[in-house]
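Please open the structure in a viewer and keep the selection tool at hand.

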Amino acid sequence: MKYDHKHIEKKWQSFWEKHKQFEVEVDKTKPKYYVLDMFPYPSGSGLHVGHVTGYTATDVIARYKRLKGFNVLHPMGWDSFGLQAEQFAIRTGTHPRQTTAKNINTYRRQLKSLGFSYDWKREVNTSDPKYYKWTQWIFTKLIEKGLAFEANILVNYCPQLGTVLANEEVEEGKSKEGGFPVERRPLRQWVLKITHYAERLLDDLDDLDWPKHLKTLQRNWIGKSEGAQINFTEVDSREKITVFTTRAETLFGASFLVISPEHPFVKEFTDSSCLKDVQKYLSETAKKSDFERTELVKDKTGVWTGKYAINPVNEKKIPIWIGDYVLMNYGSGAVMGVPACDKRDFEFAKKYKLLLNPVCIPTATCSNISSEQLCAIKEGYQVWESSGIMVNSCSKHLSLDNLTTEKARLKTIGWLTLSKNGKAVTTYKLRDWLFSRQRYWGEPIPIIHFEDGTNRYLELDELPLLLPELNKYTPIGANNSPLENAQDWVYFTDDKTGLKAKRETNTMPQWAGSCWYYLRYCDPHNSDKAFGEEEENYWMPVDLYVGGVEHAVLHLLYARFWHKVLYDCNIVSTKEPFQKLRNQGLVTAKTYKKTKGGYVSFENHKKHDDVIEMVEKMSKSKFNGVSPDSIVQEFGADTLRLYELFMGPFDKEKLWDSRAITGCRRFLEKFKQLIDSDKVTNGECYQGMRLAHLLVDGVEKDIEGMYFNTAISKMMEFVNAFSKLDSYPKKALQMAVISLSPFAPHLSEECWETLSGEGFLSYQRFPVVDKNMLVQNEKNYAIQINGKFRGQVLADIEITKDALYELALKDPKINRFLSKKPSKLIFVPGKVINIIL
Ligand code: ANZ
């Protein structure tokens with residue numbers, strides 16, 4: 001019987017839908033399992049096969065957990081607000097609402113065509129007012145807690161995108177979205193106090209089952225540094241300058257101070273004789289991004305202010321410089337320059353001819369230092385950045401000489417604290433989250449401003465604050481949001497106060513909606529609350545979350561932050577949202593890149609002589625995206641699902657090869673042939689049952705460990721071994737069908753029906769393995785003839801030499817070499833027989 005995938009897949013998809021097979025409700029009699037995909041932003045180009053690896057894996061897990069008796073929540077939705085959706089709308093000249101609706105339909109159709117077992121009744125869409133009403137409400141909770149406020153801050157502004165960006169959205173001085181240059185500008189903006197949670201965001205990582213590299217990425221992003229603040233005094237004004245240092249013990253070596261160009265004291269600390277130079281310097285650095293300023297390879301620049309400060313430990317006068325390698329938004333925006341112990345300060349001192357005082361030298365036991373190097377360090381010609389022994393560090397206040405770095409640090413901080421010249425502090429690289437965007441396609445920030453400069457947030461009965469309909473939604477620049485165009489919406493009289501009011505025109509960043517969507521899935525149709533308590537209690541936390549590693553510091557950090565705020569408001573019951581997390585590996589494909597830039601498609605690449613073949617991340621823009629549609633059409637969803645996971649280990653990078661799909665298709669055809677075969681019997685057959693138990697055991701372990709590719713290999717091996725049997729026990733085949741069903745659910749349903757299994761496949765239980773059946777009592781023996789390998793035979797582990805020879809004679813492939821009687825049989829039990837003729 002032919003494998004008609006089109007008929008089979010349509011039949012079972014309608015069946016599942018009709019019987020609402022994947023819709024779930026809270027059921028306290030069953031254990032729950034919540035398996036979640038990072039929901040997509042529905043782009044105009046639709047899904048490509050690289051997107052669906054993760055979705056296929058979670059679907060295998062969801063189906064497997066159902067077979068294991070869990071009540072499985074497996075939802076899907078759309079992250080449809082944000083820059084990408086808006087950029088697409090601008091490019092195509094259609095309103096984002098229309099393009100979003102259209103794109104969502106495409107995505108939904110594509111995902112359904114793959115037979116994913118989502119509870120579609122729970123679909124959420126972040127740009128739907130019924131959803132964003134609650135995003136806005138959570139924002140008001142942040143205000144209530146004092147975690148959202150307006151401030152004048154230096155922001156990352158991207159002129160091409162016409163908006164500010166969060167630190168997390170900037171990479172190497174460019175916008176992650178689009179790669180456009182980003183500059184620093186002071187602006188009044190909404191900010192969320194994520195730094196308040198820095199310590200908990202760090203600590204709670206310990207208990208999560210997340211990949212190690214991902215935890216490291218978050219830890220580094222939060223960037224905890226333990227150090228000290230030290231106060232220096234400016235000579236003329238007696239004003240204090242506070243520096244942050246992780247090396248307090250090097251204080252005797254501080255021979256200059258460097259303050260950031262944005263430091264509030266820059267004006268005050270500049271002597272009139274240096275004013276011109278300073279102004280010139282400031283205007284030059286204003287154009288640079290933080291990345292350019294701190295890039296390690298770059299030459300450090302600076303300018304002298306003409307002023308001095310007093311080093312509190314020895315009362316020495318040291319010059320105050322301005323240097324752009326010092327960032328205003330880290331530590332205190334000022335550093336003490338210790339050229340003997342810090343490479344950057346060493347280069348700076350060399351360039352501007354500043355003093356160097358060696359204060360820390362390697363210990364005598366430090367092995368890889370030559371005597372010449374030691375001499376250079378002691379004399380101040382070479383920098384020594386590691387720990388060691390303190391020298392030249394003695395004054396009437398403090399003596400550190402001969403102490404180790406660590407002891408000296410403690411002693412220095414102790415003295416600083418007692419003398420009130422400083423204190424121990426912890427700083428974080430994490431910055432507060434810049435939350436305003438000058439964009440149209442986002443959640444309006446539910447704030448209204450009054451003429452007297454005060455404001456208020458909208459209360460629940462005033463939400464959702466609808467995004468006004470606008471025909472002109474492109475960025476208008478000059479730090480203004482396109483929402484300014486909706487004059488009637490912006491200016492109004494506030495009913496609650498009777499005052500004239502102006503609405504906030506900034507919108508929320510694209511990360512807002514995804515900060516809590518996993519909570520809405522628990523109770524998506526609740527119109528009185530963001531979600532019900534009972535539902536949240538039952539379903540949370542997410543047991544398995546699967547998505548790309550690119551979200552390590554954006555979505556995953558922001559969502560953890562909001563979740564902790566909600567936890568503190570007693571709105572959620574768990575401290576963390578995502579208990580276990582796994583990243584799918586990137587799917588790559590061949591690209592054809594023109595040497596002058598740009599890409600051509602595979603079909604056209606021969607027409608160009610300046611193209612280089614490369615392997616890159618799959619993407620429509622590089623013309624190497626493969627749509628699942630054509631593959632589902634030609635080979636079927638089950639084949640595609642199998643190939644998605646068979647390509648290689650789930651968390652590793654994999655190269656897409658459309659030609660290799662036929663292998664998976666052939667396997668499914670062979671599987672179906674077993675089921676349709678007239679060798680299927682109701683009888684028992686030890687060999688067949690043993691193969692089935694081995695299969696179930698292997699597949700179960702592999703699914704649990706997310707080794708999907710090896711699970712599929714085991715199924716392929718099963719089919720090969722099983723097809724050689726004389727009869728096919730039905731029971732064994734039923735076990736095999738259940739094992740296959742999470743991977744190829746449509747064909748499995750069809751096979752179950754053919755085998756006339758009881759009830760529907762989706763309600764079956766995953767077979768229980770009989771451990772006795774797994775014990776190995778047969779082996780594959782290698783058969784050699786005159787030392788040459790001629791084939792294999794399966795035989796009892798305790799078979800005798802002569803019985804094995806008899807068996808070999810029966811195998812036609814081997815028999816044709818055995819024309820004569822053997823002169824000798826050399827036998828290694830359990831391994832090999834060599835027949836000498
Ligand atoms: C003196 C010193 C001596 C330093 C020495 C280092 C080595 P992490 O580990 O990244 O926290 N620093 C402080 N504030 C800064 C700012 N706003 N911009 C740029 N650099 C800043 O690094 C902390 C160290 O970076 C601090 O310790 C300070 O230099 C510098 F042998 O102070 B140190």
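Two strands are taken as paired if DSSP finds at least two bridges between them. With that in mind, select tyrosine 308 in this predicted model: it stands opposite proline 319 in β14.

**Stop 1**

Buried here means under 20% relative accessible area.

**Stop 2: an open sheet of four strands**

Clear the selection and display β6, β5, β9 and β19, which form an open sheet in the order β6-β5-β9-β19 with antiparallel pairing. Which strands stand at the edges? They are β6 (163-165) and β19 (433-434); each has a single partner strand, so one side of each is left without a neighbour in the sheet.

Now focus on β5, residues 148-158, which is joined to β6 by three bridges. These two strands run antiparallel. Within this pair, tyrosine 157 has valine 164 of β6 as its bridge partner.

**Stop 3: the crossing of α5 and α16**

Keep α5 (residues 129-144) and select α16 (residues 555-568). Two packed helices are described by the angle between their axes and the distance between the axes. Here the angle is about 65° and the axes are 11 Å apart. The two helices are therefore roughly perpendicular to each other, and α5 passes α16 in a left-handed crossing.

Show the side chains at this contact. From α5, select Thr135, Ile138 and Leu142; these meet Phe561, Trp562, Val565 and Leu566 in α16. Classed by residue type, the contact of α5 with α16 has six nonpolar residues, one polar residue and no charged residues.

**Stop 4: helix α23**

Move on to α23, residues 745-754. Eight of its ten residues are buried, so this helix is largely enclosed by the rest of the structure. The buried residues are Pro745, His746, Leu747, Ser748, Glu749, Glu750, Cys751 and Trp752.

Which helices surround these buried residues as packing partners? Select α1 (5-18), α2 (52-67), α18 (637-646), α19 (661-676) and α22 (730-740): the buried residues of α23 pack against them. Just after α23, serine 756 takes a positive phi of about 45°.

**Final view: the whole chain**

Finally, display the complete chain, which contains 25 helices and 35 strands. Its C-alpha atoms fill a box of roughly 110 × 80 × 65 Å along the principal axes. Of the 837 residues, 55% count as buried. Among contacts in the chain with a separation of 6 or more, 72% are accounted for by residues 24 or more positions apart.

Notes. Residues are numbered from 1 along each chain as its sequence is written. This is a predicted model: local features need pLDDT of at least 70, side-chain atom pairs count only at pLDDT 80 or more; totals for chains, interfaces and linings use all residues. Side-chain values use heavy atoms; hydrogens and water are left out. Axes are lines fitted to C-alpha atoms, for helices over the stretch in contact, and angles run from 0 to 180 degrees between N-to-C directions. Angles under 35 degrees count as roughly parallel, over 145 as roughly antiparallel, 65 to 115 as roughly perpendicular and the rest as oblique. A crossing is left-handed if the near helix is turned anticlockwise from the far one by less than a right angle, and right-handed if clockwise. Contact means heavy atoms within 4.5 Å. Ala, Val, Leu, Ile, Met, Phe, Trp, Tyr, Cys and Pro count as nonpolar, Asp, Glu, Lys and Arg as charged, and the others, Gly among them, as polar. Buried means under 20% relative accessible area, exposed over 50%, partly exposed in between (1.4 Å probe, protein chains only).
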